[in-house]
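I opened the model and worked through it chain by chain. These are my notes.

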Amino acid sequence: MAFGPYLLLATLEGLVTAAVLSLMALGLSLVFGVMRVVNVAHGEFYMLGAVLAWWFSTMLGGHPAVGFLLALVLSPLVVAAVAFVAERLVLSRLNYEPEATIVATIGLLYIIQQLALSFYGADARPVEAPFSYRIQLPWFGYSAYKLAVIAASMVMMIGTWLVLTRTKIGLVMRATQYDRETAQAFGIPVGKVYAGVFALGAALAAFAAVLIVPIQQAHYLMGHDPLLLSFIVVIIGGLGSLRGTVVAAILIGLSDGIVSMFFSPTLAKMLATFLVAMVLVFRPQGLFGAAAR
Amino acid sequence: MTENRKSTILTPHGLTRRNALKGLGAAAGLIAAPGFVRYGQAQSSEPIKIGFQCHRTGIGAAYGRWYERTTTAAAKLINEAGGINGRPLEIIIEDDGTDPKRGAEVVEKFANQHKVDLVYGTLFSHVVVGSAPAAGELKMPYYVVSEGYHVASGKMNRYCVQPGITDVKAQVRSVAPWIANNLGKKITLIYPDYAFGHDHRDFFEPAIQAQGGQVVAKVPIPPTETSFTRYLPQIPSDTDVIYHVMVGPAVLTFVKELGEFFGNSGPQLFGFIDSLEAVDINSPGLEFLDGSHFWEGMPRYAQPDQPDYVSFYRETVGIDENGASVDDPKDVSTAAHMFGCWETLYVIKAAMEASGYAGPGDRAKLIEATEAMTEMEAGREHPQGKKRFNGKIHQVFGEQNISRVEGGRLNVVHRTSIEDGLYEPEADYTTMSF
């Protein structure tokens with residue numbers, strides 16, 4: 001294949017990766033930004049979203065779009081509810097101590113993974129895409145659904161940004177992030193905000209997962225790789241910075257798409273890890289993160 | 001401290017007469033219990049324990065599920081017919097998570113905890129390679145139902161045998177002439193970047209060159225990959241045939257992306273059914289496979305001319321006309337591999353009977369009896385077809401099927417002969433000591 005089409009395909013693939021990664025990393029970044037909790041179980045919320053998507057989408061017959069839309073709405077809601085309960089039952093009791101929450105979310109990771117294995121099984125199961133149109137370019141064919149994933153992710157990112165910057169909920173969240181004690185003094189129910197943020201973070205991961213299942217498949221071990229990539233993204237972008245997360249996700253997504261296509265996927269992972277190391281050495285707060293106060 | 005130590009029954013002075021009597025009484029009670037009496041009196045009625053190393057979880061789970069069903073069906077049949085040497089067969093299952101490290105642990109567990117007579121059943125080649133040394137150290141016969149060339153290569157040990165399924169080297173040699181004569185001579189390989197895939201890479205190229213063909217590109221894909229489109233531009237435009245073989249949870253994604261990329265206008269496709277095992281051919285997005293070809297160890301779809309013993313096998317295992325579970329039409333079997341469990345169990349039965357196997361002390365005799373096997377006739381014990389076993393390399397040779405996707409099912413269009421797959425042995429396990 002000639003260089004031009006090759007690059008085009010690499011870019012498209014990279015953008016799909018970036019779209020899903022940015023949603024997923026945004027959830028991780030939000031939870032850390034507001035609550036200072038490193039959520040190691042984030043990948044399992046993603047997996048849970050995918051598994052539930054399979055469940056919801058196969059509940060109904062008829063056109064695949066019906067089941068998919070049902071999954072797109074319900075799956076993040078259920079995952080958010082699970083995260084809310086986990087936050088209230090576990091994280092809040094640990095007083096959000098950084099060490100304790102890391103250990104607790106590792107525990108949560110295994111609990112969710114083993115529950116999925118017990119009830120969903122060890123198989124990889126497909127979810128039918130809402131539409132299966134194939135765009136025939138002169139050099140290769142490309143799935144229209146993949147382009148829709150990019151669009152859906154952009155809409156979701158803009159939506160989250162609007163909520164954070166233009167609504168009272170967003171204001172409350174930002175106030176809690178800047179100064180927990182003062183926020184509490186002003187009557188903000190910090191505990192509830194934390195639980196809400198944790199649930200929102202998990203819902204974003206689940207939404208990303210529902211978008212991805214028609215491309216990949218739902219499998220109980222699918223949470224590992226996106227979790228690692230999300231950590232790479234939030235470290236490069238700056239923990240808690242929405243803009244940084246998006247920029248880093250596009251950077252990592254595109255480099256993953258292009259480098260792994262022209263050279264090798266291993267090299268792409270090495271480059272991403274190298275970038276993390278460089279960012280940590282020269283700009284520990286991340287590309288867009290604010291320095292610690 | 002001294003006081004405490006004195007009071008324990010482990011010290012010579014601490015063991016009281018009363019405690020000693022209690023212990024003796026309990027031991028006598030245990031020996032008198034029904035189970036002990038039975039085995040004490042007649043050692044031959046004790047079940048023969050076979051440890052089944054099963055991929056219940058991990059990337060091999062779909063295979064594991066069907067390997068288990070096939071094994072259960074065959075073991076039930078053997079027991080109904082009187083067992084082996086008059087003893088019933090007991091299958092003990094442990095999950096290896098399709099993980100080499102865990103596989104070795106499972107072999108040790110079978111030996112030390114379950115005290116099995118032998119271990120059997122593994123499919124994924126990296127698990128076999130990871131577990132075989134443990135089996136060798138424990139002097140535990142290890143009957144694998146894998147496909148890799150690792151057993152035949154001589155790199156395992158004398159306790160590791162593969163008598164129920166053919167290996168990749170023989171499979172690719174069998175199908176190469178048909179590919180060269182019917183599909184094309186310039187071939188691009190797409191394969192998993194680990195042991196099993198490397199067998200395809202290493203052995204297909206000489207096999208197709210012998211037919212005047214040529215491998216124009218090789219595309220290795222890491223086993224953990226979940227998306228494949230990025231690899232497809234590496235396929236040169238002058239490719240006649242794409243030879244694909246992928247395994248694990250992402251196989252459906254792989255085949256779908258192949259279809260998105262090429263549509264109906266790409267090169268010819270020849271796939272090893274591993275790329276589609278346990279996946280419904282009528283899944284959305286797979287329409288482009290129509291007219292393409294697959295290798296199948298044993299046909300997934302019931303064939304019009306299939307012998308009675310094949311119908312019997314399918315019925316006993318519980319698969320319908322389409323190769324799916326009779327209980328759930330969505331639960332598609334791994335038909336091209338799982339027959340290996342059935343056949344291996346019957347080989348174990350034959351070897352145990354030939355050697356007069358009575359217990360773990362006869363393990364070496366069991367291996368020698370297996371090595372002495374040669375021809376295996378097609379029939380209820382070997383439903384996939386007749387086989388020829390080479391005791392030197394512990395590997396069986398058999399017939400292969402090439403099937404064409406037509407109207408949403410796989411129809412066998414060619415069956416290779418045993419001779420097509422034969423190759424010169426590179427090893428001799430029989431010279432190794434036990």
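Helices (H or I, at least four residues) and strands (E, at least two) are DSSP runs, numbered from the N terminus. This is a predicted model, in which local features need pLDDT of at least 70 and side-chain atom pairs count only at pLDDT 80 or more, while totals for chains, interfaces and linings use all residues. Residues are numbered from 1 along each chain as its sequence is written, chains are lettered from A and ligands numbered from 1 in the order written, and side-chain values use heavy atoms, without hydrogens and water.

Of the 434 residues of chain B, 57% are buried (under 20% relative accessible area, with a 1.4 Å probe and protein chains only). Chain B exposes about 17,100 Å², and carbon and sulfur atoms supply 52% of that area (Shrake-Rupley method, 1.4 Å probe).

Then I looked at contacts (heavy atoms within 4.5 Å). Among those in chain B with a separation of 6 or more, 70% join residues 24 or more positions apart.

**H4 and H11 of chain B.** I picked helix H4 (residues 61-80) and helix H11 (residues 335-355) of chain B. Their axes come within 8 Å and cross at roughly 35 degrees. Axes are lines fitted to C-alpha atoms, for helices over the stretch in contact, and angles run from 0 to 180 degrees between N-to-C directions. The crossing of H4(B) and H11(B) is right-handed (the near helix is turned clockwise from the far one by less than a right angle). Which residues meet here? From H4(B) they include Tyr63(B), Trp66(B) and Leu77(B), and from H11(B) they include Met338(B), Trp342(B) and Lys349(B).

**S8 and S9 of chain B.** Why is strand S9 (residues 268-272) of chain B largely enclosed by the rest of the structure? Four of its five residues are buried, so I noted it as enclosed. Strand S8 (residues 241-244) of chain B pairs with S9(B) in the parallel sense, over four bridges. Pairing needs at least two DSSP bridges between two strands. Ile242(B) stands opposite Leu269(B).

**Chain A.** I moved to helix H3 (residues 64-91) and helix H8 (residues 190-212) of chain A. Their axes come within 7 Å and cross at roughly 145 degrees. The crossing of H3(A) and H8(A) is right-handed.

Last, I looked up Val172(A), which lies in helix H6 (residues 168-178) of chain A. Leaving aside neighbours within four places in sequence, Val172(A) touches Ile188(A) and Val193(A). Val172(A) and Val190(A) are 18 residues apart in sequence and 8.9 Å apart in space, C-alpha to C-alpha.

Notes:
Buried < 20%, exposed > 50% of the residue type's maximum accessible area, 1.4 Å probe, protein only.
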